Amino acid sequence: MQHLCTQPGIDTQQLSPPALPQNPYHRLIKNYKLINDSLNSPLANCKATATLFDDQIAAFSTMQQCAPQRLRIYHGLLATNSGYDQLFRHIRQNNAPAPDTLVQDIKHLLEQNHIYNPISPRKKP
């Protein structure tokens with residue numbers, strides 16, 4: 001087993017918007033700090049981060065079932081970070097998409113949402 005400190009990092013703050021778009025803000029609400037003069041609690045931070053990360057993995061797993069193209073896009077866009085690449089390879093059971101596939105997936109998603117409508121080439125008179 002590899003040591004934890006040799007593993008690539010994953011930032012839950014960056015994963016919140018794609019994983020939990022209904023609440024794109026970082027969800028580490030420090031409930032233990034409801035009183036302004038309370039001390040910081042690293043242990044509580046770790047527990048809250050672990051819970052958030054579990055929620056993000058569950059959301060991405062659901063996305064793999066319901067919207068696999070969207071998850072493939074996220075994988076392709078974030079794969080340059082080895083931590084995110086490993087996470088998405090684990091969930092998708094597949095490597096990151098090739099750049100041409102990624103471009104096609106993005107165009108298709110934008111067309112589905114009526115954001116992208118390629119103009120057909122004009123015929124010369």
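User: Are Phe60 and Phe88 buried or exposed?
Analyst: Happy to start there, with a predicted model in which local features need pLDDT of at least 70, side-chain atom pairs count only at pLDDT 80 or more, and totals for chains, interfaces and linings use all residues. Residues are numbered from 1 along each chain as its sequence is written, and side-chain values use heavy atoms, with hydrogens and water left out. Buried means under 20% relative accessible area, exposed over 50% and partly exposed in between, with a 1.4 Å probe and protein chains only. By that scale, Phe60 and Phe88 are both buried.

User: How are the rings of Phe60 and Phe88 arranged?
Analyst: Rings of Phe, Tyr and Trp (its six-membered ring) pair if their centres lie within 6.5 Å; planes under 30 degrees apart are stacked, over 60 edge-to-face and the rest tilted. The structure holds 1 aromatic pair. The centres of the Phe60 and Phe88 rings are 5.1 Å apart and the planes stand at 75 degrees, so the arrangement is edge-to-face.

User: Which helices does that Phe60 and Phe88 pair tie together?
Analyst: Helices here are DSSP runs (H or I, at least four residues), strands are E runs of at least two, and numbering starts from the N terminus. The pair ties together parts that are 28 residues apart in sequence, because Phe60 lies in helix α2 and Phe88 in helix α4.

User: Which residues touch the most other members of the largest nonpolar core?
Analyst: A nonpolar core is a set of buried Ala, Val, Leu, Ile, Met, Phe, Trp, Tyr and Cys residues joined through side-chain atoms within 4.5 Å. The largest one has 13 residues, and α1, α2 (42–66), α3 and α4 each give two or more of them. In soluble globular proteins, nonpolar side chains tend to be buried together. The members touching the most others are Leu15, Phe60, Leu71 and Phe88.

User: What is Phe88 in contact with, leaving aside its neighbours within four places in sequence?
Analyst: Contact means heavy atoms within 4.5 Å. With those neighbours set aside, the partners of Phe88 are Leu15, Phe60, Leu71, Tyr74, His75, Leu78, Gln93 and Asn94.

User: How exposed are Asp105 and Arg72?
Analyst: Asp105 is buried, at 6% relative accessible area. Arg72 counts as partly exposed, at 25%.

User: Where do Asp85 and Arg89 lie?
Analyst: The side chains of Asp85 and Arg89 also meet in a salt bridge, at 3.2 Å, N to O. Asp85 counts as buried at 16% relative accessibility, while Arg89 is partly exposed at 35%. The two are 4 residues apart, about one turn, and both lie in helix α4 (residues 82–92).

User: How many disulfides are there?
Analyst: A disulfide is a pair of cysteine sulfur atoms within 2.5 Å. Cys46 counts as exposed at 52% relative accessibility, and Cys66 is exposed at 64%. The count of disulfides is 0.

User: Which element has the highest mean pLDDT?
Analyst: pLDDT is the predictor's confidence in each residue, from 0 to 100. The chain mean is 84, and 77% of residues reach 70 or more. Among the elements, helix α1 (residues 12–19) has the lowest mean, 90, and the highest, 97, belongs to α3.

Technical notes:
Salt bridge = Lys/Arg side-chain N within 4 Å of Asp/Glu carboxyl O.
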